[in-house]
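Take a walk through this structure, one region at a time. Keep the sequence beside the 3D view.

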Amino acid sequence: MYEESIVELPAPPLPYFWEAGRSDFRVGDRHPNRRNLGIFDLLIVVHGELHIGENGKEWALGEGDTLLLLPDGEHYSVKPCERETTFYWVHFEHVAWGQGTFKDEASLAKLPFSHPYSLRIPKHCSLSAPQAVFDLMKQLLALPVGDRFWEEQHLLARILALLDAGRSGAASSPATRLAEKAASYLQQNYRKEITNETLAEALHFHPNYVVRCMKVKYGVTPIHYLLQFRLDRAKQLLVSTEWPIERIAEEVGFRYSPYFSACFKRSVGMSPLRFRKQYVN
């Protein structure tokens, strides 16, 4: 999948489907000019060529190309179609668009069950397997008129998942696959004592290479990833159990309770006991 820039959508909240359709343009037809539409307009070209501009930038979209037009932009036809052209379009909303991340990192750290995600949708890309997206669009447009809310939202999510830059061509690279294997290993073995060396030995790669792959994929080293996973698990246990702090520390892989409490306070901004009192009477 070729991509040139990314539109990042924090989740929660998830994008909300409004409408979709298929347009068949004859030679000479143009895409409508619009500004401040208020919703995203995703274009997916089936065949032909569509000439679109937005905010001074122009694209010639061919078969299997997608373009995500922004809610607050001005998009317009650059020139008429020079051959018969068919494309799908999807209109969807994202209420947090333009507001940055949904919550700041400090607020997220204080939530017991927070697992935020950011959809990273290519602004413009050439799909490596366009038929998969075409098939989903056909299913979306074939839904009967009426009560089809959940089916629409589900199909929109599947389409955006295929476009999500985190699951596109980069996701199939050896370095990304290794980072994901490392993360899976850490999540499954977080109770054990793990170092960069023991992790690398389990994955059969050099420690420096594993660290580099994790930093590229997740932005942190394996040890930092492990620490954060342990603390997230501790937050869940503090809210969902009455276990003493010492038992929770041991459960999530800390050998010494005081060290656990120090790490927890440094990350969350309060002690484990004070964190529990926020949610448990």
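This is a predicted model. Start at Phe-260. Setting aside residues up to four places away in sequence, Phe-260 touches Leu-231, Ala-234, Ile-245, Ile-248, Ala-249, Val-252, Phe-254 and Pro-272. Now turn to a separate set of residues. A second core, of 28 residues, includes Ala-11, Leu-42, Val-90 and Met-137.

Go back to Phe-260 and widen the view. The largest nonpolar core has 30 residues. Within this core, Val-210, Phe-260 and Phe-264 touch the most other members. Which helices each supply at least two residues of this core? They are helix 4 (174-188), helix 5 (196-203), helix 6 (207-218), helix 7 (222-240), helix 8 (245-251) and helix 9 (257-268). Helix 7 gives the largest share, six residues.

A pair of packed helices is described by the angle between their axes and the distance between the axes. For helix 5 and helix 6, the axes come within 8 Å and cross at roughly 95 degrees. Angles of 65 to 115 degrees count as roughly perpendicular. Helix 5 and helix 6 are therefore roughly perpendicular to each other. Which residues meet here? Helix 5 brings Asn-196, Glu-197, Leu-199, Ala-200 and Leu-203. Helix 6 answers with Pro-207, Val-210 and Val-211. The residues of this contact divide into six nonpolar, one polar and one charged.

Next, the strands. Strands of a sheet pair through backbone hydrogen bonds, either parallel or antiparallel. Here four strands form an open sheet in the order 4-9-6-7, with antiparallel pairing. Strand 4 (34-35) and strand 7 (57-61) stand at the edges. Each has a single partner strand, so one side of each is left without a neighbour in the sheet. Strand 6 (residues 50-54) runs antiparallel to strand 7, and five bridges join them.

Finally, follow the chain past strand 9. Cys-81 sits in the loop between strand 9 (74-77) and strand 10 (85-93). Is Cys-81 buried or exposed? Cys-81 is buried, with a relative accessible area of 4%. What is in contact with Cys-81, leaving aside neighbours within four places in sequence? The contacts are Phe-25, Arg-26, Val-27, Gly-28, Asp-29, Glu-49 and Leu-50. The C-alpha atoms of Cys-81 and Gly-48 are separated by 8.1 Å, although these residues are 33 residues apart along the chain.

Key
Residues numbered from 1 in each chain as written. Predicted model: local features only at pLDDT ≥ 70, side-chain atom pairs only at ≥ 80, totals over all residues. Heavy atoms only, no water. Core = buried A, V, L, I, M, F, W, Y, C linked by side-chain atoms within 4.5 Å. Buried < 20%, exposed > 50% of the residue type's maximum accessible area, 1.4 Å probe, protein only. Contact = heavy atoms within 4.5 Å. Axes fitted to C-alpha atoms, helices over the stretch in contact; angles between N-to-C directions. Parallel < 35°, antiparallel > 145°, perpendicular 65-115°, else oblique. Nonpolar A, V, L, I, M, F, W, Y, C, P; charged D, E, K, R; others polar. Pairing = 2+ DSSP bridges.
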